[in-house]
Amino acid sequence: MDDSTLKILGICVTILVALSGWLFVYLNGKATAARSARLERVNRQLRDLYGPLYARLAASNRTWSAFWDKHRPAHGRNYYFGDDVDLSEKELETWRLWMKTVFEPMNAATEEVILKNIDLLESDDIPNAFVDALAHIAAYKAVLNAWEREDYSEYASVNNWPYQELLAVVEPEIKKLRKQQKKLLGG
C-alpha cells in the first residue's frame, strides 16, 4: 500500500471510530432518557395514584371495621342496611354522623385521587372497580344532600362500596410498580 492509501485508510478508520463513538453516545443517551422518563412515570403512578389509593383503601377498611366493631358487633360483617336489618333511631343517627364526618370525606379524597390521576393508568380502559367506586360516591352525594334537607328516607348508596374489587386492581398494580421502580433504580 502506498502512502495515500494509508492516509485514506487512516482517515476512514478515524471517521468510523468517531461515528461509532457518536452512535454509542447517542444510543446510550436515548436509553438513559427513556429509562429516566419511565422512572418518572412509575414514581408519579406510585406517588399520585396507586400509593394514595392503596393507603386510602387500607384506612377506610380499618375505619369501617372499627365502626362496625363499635356500633354493630353482634351482627357479623353483613351490610349495615338491608331488608332484614332493623335499626334504631340512635343507630341511624350514628350512621349519619359517621357518613358525613368520616366516610364521605374519605370517599371524596378517593374520588379526587382517581379523577385527577386517571392519566396514570397503564391501560386505556378505566377499571370497573374505579367506575363502581365513583358511582358509589356520586350516589351518596344525593343521600347526603337529602339529609341536609332533613329528608332521611334514604340511608345508603344505590351500589355498595367495591372494596374487594378496588383492592384486586390496586394491590397488584402497586406491587408491580414498586418492582419496576426498584429495577429502574438499579436495585
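In the predicted model, Tyr-54 is partly exposed, its relative accessible area being 26%, and this residue belongs to helix α1. When neighbours within four places in sequence are set aside, the contacts of Tyr-54 are made with Leu-167, Val-170, Glu-171 and Ile-174. With Glu-171, the side chain of Tyr-54 forms a polar contact of 3.0 Å.

Two or more of the lining residues come from each of the elements α1, which spans residues 3-71, and α2, with α1 giving the most, namely 4 residues. By residue class, the lining of the largest cavity comprises 4 nonpolar, 2 polar and 1 charged residues.

Helix α2, which covers residues 89-116, also contains Glu-111. Glu-111 counts as buried because its relative accessibility of 15% falls under the 20% cut-off for that class. Apart from neighbours within four places in sequence, Glu-111 is in contact with Leu-134, Ile-137 and Lys-141.

Note on methods. Residues are numbered from 1 along each chain as its sequence is written. This is a predicted model: local features need pLDDT of at least 70, side-chain atom pairs count only at pLDDT 80 or more; totals for chains, interfaces and linings use all residues. Side-chain values use heavy atoms; hydrogens and water are left out. Buried means under 20% relative accessible area, exposed over 50%, partly exposed in between (1.4 Å probe, protein chains only). Contact means heavy atoms within 4.5 Å. Ala, Val, Leu, Ile, Met, Phe, Trp, Tyr, Cys and Pro count as nonpolar, Asp, Glu, Lys and Arg as charged, and the others, Gly among them, as polar. A polar contact is a pair of N or O atoms within 3.5 Å; within protein, one must be able to donate a hydrogen and the other to accept it, and residues adjacent in sequence count only if both atoms are side-chain atoms.
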